[in-house]
Amino acid sequence: MLAATLAPFVLAVFAPFVRRRVGNSAGWALAVLPAALFIYFAQFLGPVASGETFIFSTEWVPALGIALSFYVDGLSLLFALLITFIGTFIVLYAGAYLKGHADLGRFFMFVLMFMGSMLGLVLADNVVTLFVFWELTSITSFLLIGFNHDKARSRRAALQALVVTGGGGLALLAGLLLMAQVGGSMELSTLLADGDVLREHPWYLAILVLVLAGAFTKSAQVPFHFWLPNAMEAPTPVSAYLHSATMVKAGVYLLARMNPGLGGTDIWQIILMSFGGATLLTGAILALRNTDLKLMLAQTTVASLGLLVFLIGIGEPLAIQAAMAYLFAHSMFKGALFMVAGSIDHGTGTRDVRRLSGLGRVMPFTAAAAGLAALSMSGLPPFFGFIAKEWVYKGTLDGSLPLLLTAVAITGNALMFAVAFLVGFKPFFGKPGDTPHKPHEGSVGLWIGALTLAALSLIFGLFSGLAETFFIGPAAVAVAGVPMVVDLYLWGGFKAPVVASIITVALGAFFFWQGARLSAFLARVVDALWGPDKGYDQFMDGLIGLARAVTNLFQTGHLRRYMLFTFLTLAAVLVLPQVMLGNGFVVKAPPIDLLVWAIGLLAFVGALAIPFTRSRLAAIMLMGVLGLSVAFVFLLFGAPDLAFTQLMVETLSVVILALVLARLPVFGTDWRGYPRFVRDALIAGAIGIAMATLLVSITSVPLDLTLSEFFSARSYTEAYGRNIVNVILVDFRALDTLGEIAVVAVAGVAVLCLLAFRHIDHDSEDKPEASS
Amino acid sequence: MNSLILRTAVPALAGLMLLFSIYVLLRGHNEPGGGFIGGLIGASAFAIYTIAEGLASARRALIVPPITIAGVGLFLAAISGIVSLLFGDAFLTGQWWFPAFNPDLKYFSSVVLFDIGVYLVVVGAISGIAFALEERE
């Protein structure tokens, strides 16, 4: 199982080489892997249909309870099969669609990486594994949307998708970790087995909101729906695969997966039904407003995702079945229609539905695929889309507000009906339209996938028992978390759902008839409104503006301002805890030792004199006096090493400071005015006094000698050295020292670089001197 | 700097300081001293030489660019750690060689090599900074 998930990543690394070796037929070679994976997963169909589940686990970070564990049940198997099956045809399709593209090899690499990520996501049992693969799908999606990276619109869309889904992913991580805390396990199969623990915990609401934030951003629910249509900047194979059939359903998958653990509460139902319903209507209306085939399909995808969330929110057994049936139907017809849209674009050079007509004769295979898929999408018998829609109405009629729910579903479905006919039929009938280049049918790879998926919509409609036994039944049981009877059929007698279907078709036909007029009207209304897409730009601009404001506040370019902020922070850190928590300040009797007093007096006078000199050089020398006194103190109290080092550091500090200050224009006298002088003295005084009180309170606590004794006992016996300090530095804690000297070396390089730039700043014509 | 006293005294002084810095480095194992302090003394030697004799002479005296010395030091320190890996110990575990002629001479080891690396990093980095600051535009 681990190998199956990782195989696409391995092949992804080699994909560019395969492309280079095999050339344009690389698609056929690379499609072997998803096909083989499909066969591998298909072997689970029988056992899973009879109620078995499988767990495959490999240790990853055992100390943290993180394992690469995978869980196969009806739900994950349905997704895995869709990913590999549609993936096979997408790889073929991409090979034909992007034939001759310079970066085709890179494209295959991204698609295969995405496939592996998506498989890992739907199969993951461990929450951390789930999150890792979840983010990988966001990242690969970013790479694929931005595939045409020389276009600014592509780059914006890619970044937008990453910001929205990546942001949601972070919320999801928090939610998953809270869940793991509450449930006491990192494994979903364990967590979800006892959902009441989660539902009755005080953190339930927090978990729910965080998990929903992840799911809603990924599955483009209102108000995060705007990134999905923008993602249509990606090449069409990507739109067909990621942004209709698989990745955007990850959010739906997550909700379905969490249903046994988090679902069933009032708040869950209210949130999912209202957001799902709003998304359904928004997407369906925006779909009719657009005239670009891909954008229309993208908006109906948003609508369909809304419908799925809506159904999961209802949560009744029939609604769950409807969700799984609709998801299954949608993956087939929407995947097919996207590939059709790409083929039309490829064959004619335009995707504007107003300009397309009469293509049926020149593109027969594409037309057949489009017609079949559109019939399934519009929910007409005997297609599987019809069964799915019937079950949707059964589900809504089963819910708590049957009439309202059904009305929402009918409106959404009727709008999608109209779009299905506009996309699937209008371009192929009537007189040949005016297109940028002469329409022609594409190669096999361009229509085989669409035709296969469209035909399956019909086959599963006619033989609904197959879908019921192997796909919908096991998946619905997995989502509900309890056994249920699933019985799909095409015709169940003239009952309420059929009536709803008839209303849908009548309303949909009206929308189709009035399509152009409605579209123009909607375009006027929608474009005048503020939308979240504009909001995204405003948000990003605001974020950048805020960052600029903060940067300008702190990064003034004036060293004295940096030092002011640094020392203010230091003062706050030193003073506040001592004021708020108190300190163990104990005044001990001062030592009666003339030498100590003399050194103390020297240090004190040296320190006190610094603020009163106006000569910079004198100030530096006085600081040197202070440092020397400290070195004397070390010497007096038996730390010759420290004294030695202190002496050298002081000497070099004075030398280097003098060198630095000598080149500054302000060298010479201190020019600060009285107010600034007082302010700086106050800050310096606060730090000094707080540091002193802190030290006194620290030394009031008895010294822990464990470490000192450890090192003095072992310094000679184990490291053969009598100088304990040095032995610690170079032997016991040599790794620390290695890190420190690396820092010293890097700091040296950094100073050299900075000083080399100094010449450029002063006079751009002067080249920096070669420092050798 | 144009001071006769400084210019007369410094060459001898700097040489002595450099010698002393190596002495401090090598004796650091058992007496006060070690690579870090030794390096600081060595750097001071070059700093004072630069002030007295000028940057060009100081660069000549050092032969290689100071930052190269720091790089070599870092490399030596890392190598002394990798040596332990070759003997199957953890990174930076001390490796010792007790010479046959005097088994009580517990000195030759990867630890001392590491200390020499520290010395070179400190000398190189600090004299590099001092040189760069002294450089006239």
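Biologist: In chain B, what share of contacts between residues at least 6 apart in sequence join residues at least 24 apart?
Modeller: That share is 67%. Keep in mind that this is a predicted model.

Biologist: And which secondary structure elements does chain B have?
Modeller: Chain B has five helices and zero strands. From the N terminus, the order reads α-α-α-α-α.

Biologist: What box do the C-alpha atoms of chain B fill?
Modeller: Roughly 55 × 30 × 20 Å, along the principal axes.

Biologist: How much of chain B is buried?
Modeller: Of its 137 residues, 47% count as buried.

Biologist: Now the cores. Which residues have the most contacts inside the largest nonpolar core?
Modeller: A:L337 and A:A373, in a core of 208 residues. Helix 17 (residues 317-348) of chain A supplies the largest share of this core, 20 residues.

Biologist: What does A:L337 touch, leaving out residues up to four places away in sequence?
Modeller: A:L337 touches A:L297, A:A370, A:A373, A:A374, A:M377, A:V423 and A:G424.

Biologist: Which residues does the second core include?
Modeller: That separate core has 61 residues, among them A:V655, B:F46, B:F131 and B:L133.

Biologist: One more topic, helix 16 and helix 20 of chain A. At what angle do their axes cross?
Modeller: Roughly 155 degrees, for helix 16 (residues 293-314) and helix 20 (residues 402-424) of chain A, and the axes come within 10 Å. Angles over 145 degrees count as roughly antiparallel, so helix 16 and helix 20 of chain A are roughly antiparallel to each other.

Biologist: Left-handed or right-handed crossing?
Modeller: Helix 16 of chain A passes helix 20 of chain A in a left-handed crossing.

Biologist: Which residues make the contact?
Modeller: From helix 16 of chain A, they include A:L293, A:M296, A:L297 and A:T300. From helix 20 of chain A, they include A:L405, A:A409, A:G412 and A:V423.

Biologist: And by class?
Modeller: The contact of helix 16 with helix 20 of chain A has 12 nonpolar, two polar and no charged residues.

Technical notes
Residues numbered from 1 in each chain as written. Chains lettered and ligands numbered in written order. Predicted model: local features only at pLDDT ≥ 70, side-chain atom pairs only at ≥ 80, totals over all residues. Axes fitted to C-alpha atoms, helices over the stretch in contact; angles between N-to-C directions. Helix = DSSP H or I, 4+ residues; strand = E, 2+ residues; numbered from the N terminus. Parallel < 35°, antiparallel > 145°, perpendicular 65-115°, else oblique. Left-handed = near helix turned anticlockwise from the far one by under 90°. Contact = placed C-beta atoms within 7 Å. Nonpolar A, V, L, I, M, F, W, Y, C, P; charged D, E, K, R; others polar. Buried ≥ 20, exposed ≤ 12 C-beta atoms within 10 Å, placed from the backbone. Core = buried A, V, L, I, M, F, W, Y, C linked by C-beta atoms within 7 Å.
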